[in-house]
Amino acid sequence: MSALSYQPILPRPAPRHASGALAWLRSNLFSDVKTGLSTIILGGLLLWFIPPFLNWSLFNAVWTPDVQACRAVQESAACWGVIAEKYRLIIFGRYPFDQQWRPLIATVLMMLMLVASCIRVFWKPWLAGSWIAVLTVFFILMYGNSLGLAKVPTDSWGGLPLTILLATLSIVMAFPIALLVALGRRADLPAIRVFCSLYVELIRGVPLISVLFMASFMFPLFMPPGLTIDVLIRVLVGITLFNAAYLAEVVRGGLQAVPKGQIEAAATLGLSYWQIQRKIVLPQALAMVVPSIVNSIIATFKDTSLVSIVSLYELTGALDMAINADANWKPFKLQGYMFIAIIYFIFCFSMSRYSQWVERQVNKSKLR
Amino acid sequence: MSLKSAPKKKRWSWRSQAFRGLIYQIVAIGVIVLGVWFLASNTLTNMRVRGIQSGFDFLNQPAGFSIGESLFPFDSAESYWRAFWVGLANTLRVAVVGIILATLLGTVIGIGRFSRNALVRGLCSTYVECFRNIPVLLQLLMWYLLLTEMLPSIQNAWQAGPFFLSKGGFNYPIPIWQAGHAWALAGLVIGIALAWLYHGWARRQFEATGIIKSMFWVPLGVVLASALLAWLLGGAPSALDSPVKGEFSVENGGALTPEFLAMLLGLTIYTASFISEVVRSGIASVSRGQTEAAAALGLDPGLEIRLIVLPQALRVIIPPLTNQYLNLTKNSSLAVAIGYPDLISIANTAMNQTGRAVECIAIVMAVYLTISLLTSLLMNSYNKRVAIQER
């Protein structure tokens, strides 16, 4: 009997109020027993670790360049005095002390240029022109020997300016090579295709350090007798050729993503091979791979630290030089490493955030 | 209106694309050959002028330097040839262990970024951002500094049971080889064979009846049980070669040097941050509808991951994962900066001693190329297995 009688299902309770800090906490940290337990355990661990770390790194730390004070707290606190004492050596390397305004201006100029290149409004042909101008100014400032500036040979260059110079210049020079190699790998001409593939696969198969060894030990043998080339230029050539292979693969990925119909349509319109590539294919392909290109730039920026192994004193090498030479400060090398780690982090992190932003922009244009 | 007849096709004309292509290629080959000839002739002249000897005959000469750690015994009277082998073995050792650990850590962190717990999510993404954005060389140097400066001296080594940790590295007990271990090994092999047979049977059962047998715990149990049984049959040898704290060093047992530990820690932690991104993007590439459909079919979360998410995510994951493995192997060349005797360090020493830069760099490049190509081949064949089987 009762099976036939009408029994309304009780209305479900309204969903819990789902906004505000408390609701966020509940849904994100204590949504069920397992989540709650892991929150408590992890939170406990963090509470256990973070205060001692903050004490070590901030509250008890020594901030003045005072060796005695640093020694006194060595066991229990960080000594940032080492940075206060050595920061000019770390950032500018062996560049003559009274001339260090030159790398400072040059670096700031270069960084402004980098930032400008990230802004879409400036993606115009004159950007290339201003890059050449800025690089020229950079070299005149750094090298001197003209305009009343004293000459500073390249082996005195070091620190952050050298890092930025190596990263920027090798990417700027690698880019045209990468474009040609990427096009060559997709060309109809077998000899050129084979050569380009060989180049890319060979370079990508070996570590950068072996390329750098080659640049610093073998390169002098390659040159005609009597011709010596500055070690900075040799290393720059090595990094450029290395980056070009990686960038070429990135660009090739973009080229492959351009639909074949685009090329056929352009050919039907009577455009020549180079016209097709320049006006139809590359603009589409490059727009697609901007995030990957930025990632390559990040990788290059980090890779510049390797040149310290072939005795160029960029940021990592300059730190070693600055601290190893001074027995007083040597026990505090870890703080030095942390300092340059933070510099690297700031650069790489902002670039990766930029690449994520570009990726979102590119995806936005695809949504219609 | 007169119809113009189509111009006769001339083969050897500048207007023919094929002809132009041929010319371009000949020019390109010519330029490359000329370039290589130019470099080679310069090199030969320079070597003659500077009196540098060339050739690979130095490989048979005694190396004259000792190597801090090696998988097989090496002393300075042995040849360069063998020194290079020691270096290669050291490279592979740190690369293989690093790859395994980085895969595990990277997978855990990659999955952690999908956690329902905001704390876990936050920690995982902090980890990725921190370690991905600092050069691996710097990280290696930092780990090495930490391991050699901040740890207690050997006299005051930290001890946990038979394990020691100090500036001298990490010491652990190893079992002393006895006949019983051969039994255990044989048992292990038999166990694996049995598990393989079971796997085939369970698969046929599944195809015939649709009933899923345990594919993980039962085979694992079979392998372990048979190894344990054989070990017991072999007399259950349990003698351990435990490290003992001596006057100046921790003696006996197995040891990991601080150089190896620094390499392993640095490479694992750095690469894991990239692998976790690979894993994350792989999982994110499986659309939500797939998991919802699986849940609607009544699969429990474990099966859902194993049968639905993983096979689809792996397709996206494998190619970039291969790249990360290759990167780790190539980054192991940074060992030269902290003195771990890998291939590059050995080549560097050999180069300084013999002056044969060209040969040493050629050996290094050839070895890394071979490793890269082999890894790519291996991973490509695995990739083919997980790729979509299209008709």
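These questions and answers walk through a predicted model, from its chains down to one residue.

Residues are numbered from 1 along each chain as written, while chains are lettered from A and ligands numbered from 1 in the order written. In this predicted model, local features need pLDDT of at least 70, side-chain atom pairs count only at pLDDT 80 or more, and totals for chains, interfaces and linings use all residues.

Trainee: Which element of chain A gives the most residues to the side that touches chain B?
Mentor: Start with the totals: 43 residues of chain A are in contact with 44 residues of chain B. Contact means that C-beta atoms, placed from the backbone, lie within 7 Å. Helices here are DSSP runs (H or I, at least four residues), numbered from the N terminus. With 10 residues, the top contributor is α14(A).

Trainee: Is A:Ala341 buried or exposed?
Mentor: A:Ala341 lies in helix α14 of chain A. Beyond its neighbours within four places in sequence, A:Ala341 is in contact with B:Ile134 and B:Leu138. A residue is buried with 20 or more other C-beta atoms within 10 Å of its own, exposed with 12 or fewer, and partly exposed in between. A:Ala341 has 20 within 10 Å, so it is buried.

Trainee: What is the orientation of α8(A) relative to α10(A)?
Mentor: Helix α8 (residues 190-205) and helix α10 (residues 231-257) of chain A have axes 9 Å apart and an angle of about 115°. Axes are lines fitted to C-alpha atoms over the stretch in contact, and angles run from 0 to 180 degrees between N-to-C directions. Under 35 degrees is roughly parallel, over 145 roughly antiparallel, 65 to 115 roughly perpendicular, and the rest oblique. Therefore α8(A) and α10(A) are roughly perpendicular.

Trainee: Which helix supplies the largest share of the side of domain 1 of chain A that touches domain 2 of chain A?
Mentor: Chain A is divided into domain 1 (94-152) and domain 2 (159-366), with bounds from an automatic or database assignment. In chain A, 10 residues of domain 1 are in contact with 8 of domain 2. Both α5 (101-117) and α6 (125-143) of chain A supply at least two residues of the domain 1 side. The largest share, 5 residues, comes from α5(A).

How values were computed
Contact = placed C-beta atoms within 7 Å.
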